[in-house]
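Reader: Hey, can you walk me through this one? I'm new to reading structures.

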Amino acid sequence: MIDVIKLALAGNPNAGKTTLFNSLTGSRQHVGNYPGVTVEKKEGFYRVSPDQQVRVVDLPGTYSLTAYSVEEVVARDFLIHEQPEVVINITDAANLERHLYLTCQFLELGVPVVIALNMIDVARDRGISIDVEKLSRLLDVPVVPISARSGEGVEALMQEAMTVASAGREWQEIRLSYGDDLDSALLEMTNLISANSFLTDIYPARWLALKYLESDSQIVEKGREFAELSGLRSVGEQLEKMVAVVSNHLQVTLETVPEALIADHRYGYIKSIIRQGVVSRSHDEERIYASDRIDRVVTNRVMGPLIMLAVLLGLYQFTFTYSALPVAWLEIGFGWLTRVIEHSLPPGHLRSLLTSGIIGGVGGVLGFVPLIMFMFFGIAILEDSGYLARVAFMMDRIFRIFGLHGSSVMPFILSGGIAGGCAVPGVMATRTLRSPKERMATLLTAPFMNCGAKLPVLALLIGTFFAGNQAGMMFMLTMLSWVVALLVAKLLRVTVLRGEPTPFVMELPTYRLPTFKGLAIHTWEKTWQYVRKAGTVILGVSILLWATMTFPGLSTEEEYLFDQQRQQMQAEYGGVVGSVALQEKLARLDGARAEQALQHSVAGRLGRLLEGITWMAGFDWRTNIALVGGVAAKEIVISTLGTAYSLGAVGQEADDSLSKTLAMAPNWNRVKALSLILFIMFYSPCFVTVVCIVRETGSWKWGAFSIVFNTTFAFLLATVIYQVSLALGLAG
Amino acid sequence: MSRMMLRKMLKNQSGTITAVKVAGELGRRIREMGLVPGTKVTIQGRAPLYDPVALRVMGGTLTLRNNEADLIEVEVEESSE
């Protein structure tokens, strides 16, 4: 029988939690989500001995255990509900004072804790020495100095953790003093809670009282629910009243609130411990470290923005240039597979399903994989090194105007802020934003950028109707995408995503050289998540889209007519198969047939139906079909337009002739082209992006929102531009 | 010795926090990062557009927006240029 011990890793962000987790579990880890929220849950196993395994759970990095953010709630709920046998609290030895604030809260909760003094080597280099024994004695908790990066002390840490876990002691909370007023309120409340067994099955009584005093929204809410269900309403009300009384008293006498006083006393307690000679420095505290010296240049008023621009351009180049080769290999692979199937299967629905539906769908998913891998690798470097926090620091002033956050800049750029990106990695990159509303606004507006798939469509239209100033036009459209994205973000932040800006109080972590192992694990994890989760949905959707563009097909009579025409042509040329003229004629016939089939399909009918509205923006039914198809992937707009305009050749080689056809078409002109360009830029994101939005927000609601909202917005914009230009007589 | 709001402090100036005048989420967030009365802070620099501000606190660096720095009162040592 294998004995499994549950161990939680907890600590502040930047304490080196992930590094320790990776070194403990190696590749034996599993990444999922906590139920109902988008916070990642990482688990892995660590083998102590052949018959003893430890399940290691990496809790999200937090500064506190209040209900301030989802991460904190998740971390705290895990400790309370899952009752791990031991918690390893990772702290930064060079920043001990601040990191002990969280430690303090673990001790108040009573969980069995072992403190890991991480980055002890860095602290040593900085001339900071820590009296480990004294710290351990004063806190009454085992303390082990480690360096998660080099592995120093990790074994000793695990041994200590095993000792604590196997001791299996009861939860034992420490009781800090918060001053007379709060202490007496706390005592009274604790007694009331214990006497009535108010939620004591779940929470320790004193801890619960403390959370009431801190006006912890989650706990107060739970208290109300419990009071209602268990008929203890008077107890719940009494608790809230006691908080109100003491709050009032503090307001009058000290002009403060209980939660402020509690935080002050916690830090007071920590300072009293540190000052007993736990930490001693051989250098002056104000000494300038290498990290600060880097910051002097990197966040300098002049150099800072220039360096940032170079770094972001570099990331962009890295992601889109270097991934081009593997993407091309994949395309060649899928092209080969398509040809194999075309040669081995007779024409028909099965072949079409396999080539257009399934290979198209899976190809669509896998085609993004190299892109996502490169992007996450690049971001991991920026994030792990600490540079990303500096970008947020420098850009915050501008993005805040639009209700966003300094960290919003990167997702925008990846999505096509520099024309040619992709919204899929862009949306996924919003994970680096820790503020929920700003993050939502960013990921909903990032798809407005001109991604690489929109570019060929835009290029075709610009080349046909705005020849002469193509570069200038493209630049203007790029600027326009930024303006629209930022303004829409602002609009969302004052309507559906209304709310105070999330406080910016943020840490600028010390610069660190990322480890290759960390980067590799990080990249692999994210990429695999994408393939596994987005992949299945996208496959289903692409089959669905294929079906709407295929069924119902031509009627038997129509099929018969086409077959007859075909035979006639072949007969005319007397069976000379190689004839170029014949091939051309046959291709034309196939094109006409494809056009008619498309007209018949659900998508075609939809296109016709939509014409009733879309004429306002100048779109005919053929354009509508192409736009509907474009929801599958923006590149499809061109090929579908090609099919709809009945060109013999379908696909890339049709571009040239499509351009000519459009230029000649009587109902096409500059105004219509401009209207279409604007619509394509801003309407519904492609389905892969929508699926990513759903994954990242955790709800289909936001996916649906982005389809409906963006399409409505794009349509209104296109209509206004079209109608105004027509009225001004610009169509000629 | 004089008291001023953190926002008014100059680069490289140091002081000791005397009060954090905000409750609720923002207050909680500011306090849990160690910005409580008695903590020593030094202005490390400002972003290119003068906002946010970077502070040196207990051996680490924190950033605050100016409107958040407006809520923190500091007792400064005489101007140390």
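Author: Helices (H or I, at least four residues) and strands (E, at least two) are DSSP runs, numbered from the N terminus. This is a predicted model, where local features need pLDDT of at least 70 and side-chain atom pairs count only at pLDDT 80 or more, while totals for chains, interfaces and linings use all residues; side-chain values use heavy atoms, with hydrogens and water left out. Residues are numbered from 1 along each chain as its sequence is written, chains are lettered from A and ligands numbered from 1 in the order in which they are written.

Reader: How many strands form the open sheet, and in what order?

Author: There are 7, ordered 10(A)-5(B)-4(B)-3(B)-2(B)-6(B)-1(B), with antiparallel pairing. The edge strands are strand 10 of chain A and strand 1 (2-5) of chain B, each pairing on one side only.

Reader: What do strands pair through?

Author: Backbone hydrogen bonds, and the strands can be parallel or antiparallel.

Reader: How many bridges are there between strand 3 and strand 4 of chain B?

Author: Those two pair over 5 bridges, in the antiparallel sense. One place to look is Ile43(B), whose bridge partner in strand 4 is Leu55(B).

Reader: And which residue in strand 6 of chain B is the bridge partner of Met5(B)?

Author: Glu73(B). Strand 1 and strand 6 of chain B pair antiparallel over 4 bridges. Strand 6 is also joined to strand 2 of chain B, by 5 bridges and again antiparallel. There, Ala19(B) has Glu73(B) as its bridge partner in strand 6.

Reader: How many residues of strand 6 in chain B are buried?

Author: 4 of its 5 residues, and the strand (residues 72-76) is mostly covered. Buried means under 20% relative accessible area, exposed over 50%, and partly exposed in between, using a 1.4 Å probe and protein chains only.

Reader: New topic: where's Leu6(B)?

Author: Leu6(B) is in the loop between strand 1 and strand 2 (14-20) of chain B.

Reader: Why does Leu6(B) count as buried?

Author: Because its relative accessible area is 0%. A contact is heavy atoms within 4.5 Å. Apart from neighbours within four places in sequence, Leu6(B) has contacts that include Val41(B), Ile43(B), Leu55(B), Leu64(B) and Ile72(B). Leu6(B) and Glu75(B) are 69 residues apart in sequence, yet their C-alphas are 9.1 Å apart in space.

Reader: Back to the two chains. How many residues of chain B are in contact with chain A?

Author: 39 residues of chain B, and they meet 45 residues of chain A. Together the chains bury about 3800 Å², 53% of it on carbon and sulfur atoms. That area is the accessible area (1.4 Å probe) that two parts lose on being put together, summed over both.

Reader: How many salt bridges are there across the interface?

Author: 5 between chain B and chain A. A salt bridge here is a side-chain nitrogen of Lys or Arg within 4 Å of a carboxyl oxygen of Asp or Glu. One example joins the side chains of Glu259(A) and Arg28(B), at 3.3 Å from N to O.

Reader: Which elements of chain B give two or more residues to the side that touches chain A?

Author: Helix 1 (24-32), strand 3 (40-46), strand 4 (53-57), strand 5 (60-64) and helix 2 (66-69). Helix 1 gives the most, with 8 residues.

Reader: Which residues does Ser291(A) touch?

Author: Ser291(A) is in helix 12 (residues 290-298) of chain A. Not counting residues up to four places away in sequence, Ser291(A) touches Arg390(A), Thr510(A) and Tyr511(A). Ser291(A) is buried, because its relative accessible area is 8%.

Notes:
Two strands pair if DSSP finds at least two bridges between them.
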